[in-house]
Amino acid sequence: MLPIEEAIAATLAEAGAGPWFGAAEVVAVPGQQSAAFNAQLASTVAVSALLLAMTPAGLVLADPNFRGAIGDALRIPAAFLSDLAEPISQAVQAIAIPPSRPTVTTPPPSILAPPDTGRTDVVERPGRIEITMPLRIGTAYVGELTAGIGPENMVDLSRDRLLVLLEPLASRATLDKLRAMGETLTLADLQALGLGGVYDPALLEITIDLPVNDQQLRTIELSSELEAPTGRVERPARFSAWLTWRTALDYVHAGGSTGLARPVFDLTGAARVMGGVVVEVEAFVDTSLAAADMFRRRATRFVYDQPERARRWVLGDIRPDVRGFQSSPDMAGLSVTRSFGMLEPGRNIRPRGQGTFSLSQPGSVQFFVNGRPVRQMDLQPGRYDVRNFPFAAGQNNVQVVVEDPTGRRELFSYNRFFDQQLLEPGLAEYNLAVGIAAPFGNGQQDYRTDQFIATGYYRRGVTDSLTLGINGQANMNGGMVGAEALWSPALGVVSAQAAVSNFDGRTGWAAQLNYQWQSPTEEGPRQTFAASVEAVSPYFDSIGNANEFPTIGPGSVNPRAVDVSLAYSRQFGDRTVLNADAGYVVGREGGQSGARARLGFSRRLDRVSNLSVEAQYDQLDRRGNNYGVFLTYSRRLGAGQFFRASHDANQERSRLSYQRNPSRGYGGYSVAADVERAPGETSLNGSVFRTFNRLETNLSHRATFDETTGEVSNQRTSLRLAGAVAYADGAVAVGRPIYDSFAIVTRHSTLRGAQVLVDPTPDGGSQSRTDRLGPALVSEVSSYSRRNLPIEVEGADPGYDLGSGSFDLRAPYRAGYRLVVGSDYSVSLIGTLLDRDLQPVALLAGRAIDLSDPDHAPIELFTNRAGRFSAQGLRPGRWRIELGDGPLVYEFDVPEGETFIRLAQPLAPIGSGR
């Protein structure tokens, strides 16, 4: 068990948590140790020192009062935590439908029966012989069985072998009837069971019938969740760390203290050590403060993932996820979360729908979702359960069209409303966090060991259309318990949540009901409708962000009692959209009551311009003007360039703006400029954002002109810079900010002065590249998602072999990679091979073996009709070629300093006398 696991397990054991917390098996992945490690040690120490400087947090977690509080929180019903030890359910055996048009036979290849091993039941009958013959259901081949053939074609067969063949196909009731019969069966026995049974002496085969109602329900998956691998997945570094920095440099021309302002720095970093434990840190440096107060640590936490269970453990400074009427507190403690979005982002956990149909004879089946063809396939007779439809958010119409060989068509159809918050039946997501309050004060956290906090939620898919959940929170002043439900009938989505709280002896409640509907995309104009009502009692509250007492305060009440809202949108043709919403708030004890309404109209004038008009009414507008009109005109000026003009009649504010987006993802720049006029003042703003290979920059200028005094009241120029320094198994690189995982791409010594481009673009750009500052840093790598990094090399020697030319990653959380482009095995060779008669060897396959490293994978090669061959991926040294089954054996030397070799003379096999 890892040290972090031992610490967590010890805390839970002391708290009486029970044996549900199991230590995960962790496999350490060996990394590559750089030969230049000592030379780079100074850089490594610099990164580690910055990380360690921010790490001394969470010592308060060892406080006895805190650990006792954890014990109190963990003594909750075991049913709520049953999913902690429950592995993620696996999908049923299914027929995966590839993108092309497939044909699925019966039985599917994945469940073909093993070969017949002969009869185990002995039948003695004069003139009887045993023959192994095929068994068919209709025209479909099932497998081989050994049958006894006697006089007058009397047939007997083994019951056990027949059960093996029918196990994947027949229903449970049919199989039970077979098991209840004798060890040896005759065709008359099969006919008595309704299975028919015919022996064809000419074809030497047995055919039986399996009625549709006696067949198993077979599953067809219309879409696959599995990610097809694109190559060998690289291993992450054994130890990696990174630090991202951001700074702001401001020069104040007018307004406040003029001159150059002291810079501030925002620091975030992480280190991933052996066993997959991640240390995360967040800090802030304000150079305008005294030296003792300049550095502020904001958070430190340890993270350990169990991706096979979609589970994450966090120990330290946390802000837990919340649901319903919960509030998210700043706290220090321990949390456990199951989140498929974080740890299995490629998995579809939403209901995928299903429907059942039967085929009495072979037929062609087409699947449609919202009028769009999804799959077409040919199926054998049987009962089929179709699931995993590619639903879109909103109303979905599903149709299955079955056509038999005679052309007769049957239609299976139903409607399903889909919402992204629904969970697949049987899947659950949850979060549980226990600890102490740690609110921010003076730029850093204030750990309050006497203020215990517990918060959590649990959601589970019950059916395809129903997901239920519970949630709760508690601190030293009381607690709150809530429930939620999400229901998706055929006509929309209904969500409801309710909660009851008791803080400082005051009890309250809150409830919310929402309804959403969206028209099918293939039926008429697109329309959406939503309605919501929320009611809150006078004394309802959650634990609040202050973590000390209910947020409404002693003696006070919630000023808002009821809030009702309606919203509707409709599309007219291809150019016009109408939006409308309205609502009413009921206040209490000083809270105001009032109505609000908005009506918006948007029309696309031509291919590049759009006009929108919006009218608003709000009785609760504190600015005194309840009515307003907002006009916007936008126009696309060219590729990535936009102009926008707007006017707010309520605020008497007008704005003209221009924006230019980057023409390419890396190395491009964006420009934004606007002028705004409000009563008494005019403002000018402009900014330029540019990404470089090692840096992100943003230069902006803002000026405000006071029309009353005729002077510039405020003017400021700001420069924002951001970058990162990273370390992975001996390699150090600097580059743009890192947000999750990263990769350091270095070049092999055989590439000499060549430049490596990572993820090159057609216009000559790239995401990252090597240069005089060293290796390339790829900073945008998301965890638990596949990422392919194409590689291009400029200035490599002719014939240099790069291998696959890309790296395939699937990074764990906050992982780092050290990737080396090129290798010793980079030589390409062309030559001619002769046989023992010194004639060209035509059209033979062989392999080249590195004699200095026989364990290295052989290189495959083959000859053409003239005996010519080519081999890539060689290195300097002695090599052997083995050709054909004979084999013919050749040996040759690859000299140093060459990347492309053309053999001047043909090679003759060893022992040929040449």
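Student: Is Asp156 buried or exposed?
Tutor: Asp156 is buried, at a relative accessible area of 1%. Buried means under 20% relative accessible area, exposed means over 50%, and partly exposed is in between (1.4 Å probe, protein chains only). Keep in mind that this is a predicted model: local features need pLDDT of at least 70, side-chain atom pairs count only at pLDDT 80 or more, and totals for chains, interfaces and linings use all residues. Residues are numbered from 1 along each chain as its sequence is written, and side-chain values use heavy atoms, with hydrogens and water left out.

Student: Which side chain meets Asp156 in a salt bridge?
Tutor: Arg128, at 3.0 Å, N to O. A salt bridge here is a side-chain nitrogen of Lys or Arg within 4 Å of a carboxyl oxygen of Asp or Glu. Asp156 sits in strand 4 (residues 154–158) and Arg128 in the loop between strand 1 (95–96) and strand 2 (129–137), so the pair ties together parts that are 28 residues apart in sequence. Helices (H or I, at least four residues) and strands (E, at least two) are DSSP runs, numbered from the N terminus.

Student: And Arg128, buried or exposed?
Tutor: Arg128 is buried, with a relative accessible area of 15%.

Student: How many salt bridges are there in the structure?
Tutor: The structure has 38. One of them joins Asp317 and Arg297, at 3.0 Å, N to O. That pair links distant parts of the chain: Asp317 is in strand 14 and Arg297 in strand 13 (residues 295–306), 20 residues apart. Asp317 is buried at 2% relative accessible area, and Arg297 counts as buried at 14%.

Student: Switching to helix 5. Which of its residues are buried?
Tutor: Helix 5 covers residues 172–179, and its buried residues are Thr174, Leu175 and Leu178. They span an arc of only 95 degrees around the axis, so they lie on the same side of helix 5. The arc is taken from the directions from the helix axis to the C-beta atoms.

Student: What do they pack against?
Tutor: Helix 4 (159–166), strand 5 (184–186) and helix 6 (187–192). Contact means heavy atoms within 4.5 Å.

Student: What's on the face turned away from the buried side?
Tutor: That face of helix 5 carries the exposed residues Arg172 and Lys177.

Student: Where does Asp176 find a salt bridge?
Tutor: With the side chain of Arg179, at 3.1 Å, N to O. Asp176 counts as partly exposed at 42% relative accessibility, and so does Arg179 at 40%.

Student: Where is Arg311 found?
Tutor: Arg311 is in strand 14 (residues 311–318).

Student: Last one, the whole chain. How many helices and strands?
Tutor: Seven helices and 56 strands. Of the 914 residues in the chain, 44% are buried.
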